[in-house]
Amino acid sequence: MEKFVVTPWEVKGKIDYDKLIKKFGTQKIDKKLKNRIQKHTKELHVMLRRDVYYSHRDLDKVLDDYEKGKGFFLYTGRGPSGKMHIGHLLPFVFTKWLQQKFKVNVYIEITDDEKFLVKENVKWEEIKKFAEENILDIAAVGFDRKRTFIFKDSEYIKNIYPLVVKIAKKINFSTVKAVFGFKNQTNIGMIFFPALQIVPTMFEKKRALIPAAIDQDPYWRVQRDIAEKFSYEKAACIHSKMLPALTGLDEKMSSSKPHTAIFLDEDEKSIRKKIYKYAFSGGQATVELHRKLGGNPEIDVSFQWLKFFFEPDDKKLKKIEEDYKTGKLLTGELKEILIEKVSKFLQKFQENREKAKNYVDDYLYHGKLARKMWNTVYE
Ligand code: TYM
């Protein structure tokens, strides 16, 4: 029996990421591939350097296409089921970095339909409200306004419905049952929905590169089975690990358990309170013991968050790790480092979010790519 579960709707237990590569049949991002990326981007994003983005499908082919001048496009998304936490934001931060480096189009799907269908007892009105809030969060990341299209499924559906039904016709129930674990009790909206998450991979006659956490991979497996039947490219993807919950590496950050995550609208006071109270510590029970035995950064969530994203300076991170291991750095001090980093990041983010209110409509309707997309019907 597996001790962990990873699906688009459920993440449980301590994830063994190497096992997932085998189970999903993906490839590790190795040194050679990183060097190839770096040839074009000059620097490597901290999440690539630290193997947060650690697995892929056909990333090498994306680079072939780019080098041959054919190009590629980026596609990612968000299911607006609630407020966004920091984990949800990271794929957008990474996608923006790729867009800046490769100067390519980005399509961002807001799956309001999916979240209405999958969540019990949710009202359409609530999903609508979260979709607007989440879109503003995504706009605050600062994508290129000429090259980015953000769309809600329920609104853009009329431009894509013919292609969606063609995709749906090529996928049978036994496939989605096996891939997503659907049951006879699953509502028929969910059974149809995979066609909607697949359709943006066909927005251009080029290869799509999809940055996301590895939980979304099942969709890409289905896409890759059928894409060539439509003379579209198999989607390529680049997978990240999941930012662990504050409460420990074997837990999932969850919007329904607010103490497990930090949300994008939190201020320093509430960040400090949460990290002090809930961030799982790899330190010893008393200061005396900690000075003597040192802490364990491998299981310490504050350290893991710094490593994941929040301390991009490799030398500083190394020193924090050493000092923590030898007991020179105490748990409280380590938490203070993280509190400062997260607070600064979110303060800047919240300022950007205010500014984004002025131009969020460029992504949705008025920017160059958005206008083109509203004038396109996919059949
Ligand atoms: P959603 O809203 O569950 O998640 C949004 C994005 O955040 C990633 N993610 C995380 N990344 C790091 N650490 C975490 N703890 C963490 N939790 C979630 C997800 O992998 C995702 O990239 N069905 C999708 C919406 C969607 C989509 C897409 C996502 C539609 N098209 C294409 C990625 C790519 C969903 O509900 O995502």
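A polar contact here is a pair of N or O atoms within 3.5 Å; within protein, one must be able to donate a hydrogen and the other to accept it, and residues adjacent in sequence count only if both atoms are side-chain atoms. The model is predicted: local features need pLDDT of at least 70, side-chain atom pairs count only at pLDDT 80 or more, and totals for chains, interfaces and linings use all residues. Numbering starts from 1 along each chain as its sequence is written, and side-chain values use heavy atoms, with hydrogens and water left out.

**Ligand contacts**
- An oxygen atom of the ligand lies 3.3 Å from an N or O atom in the side chain of K115.
- A ligand nitrogen atom is 3.1 Å from an N or O atom in the side chain of E109.
- A polar backbone atom of G79 is 2.8 Å from an oxygen atom of the ligand.
- The ligand taken alone exposes 690 Å², of which the protein buries 96% (Shrake-Rupley method, 1.4 Å probe).

**Ligand shell**
- The ligand is surrounded by 22 residues (a heavy atom within 4 Å), and the closest are Y75, R78, E114, Q197 and D215.
- Strand β5 gives the largest share of this shell, four residues (strands are DSSP E runs of at least two residues, helices H or I runs of at least four, numbered from the N terminus).

**Salt bridges**
- The count is 34 salt bridges (a side-chain nitrogen of Lys or Arg within 4 Å of a carboxyl oxygen of Asp or Glu).
- D65 forms a salt bridge with R207, with the closest N and O atoms 3.1 Å apart.
- This pair links D65 in helix α4 (residues 59–67) to R207 in strand β8, 142 residues apart.
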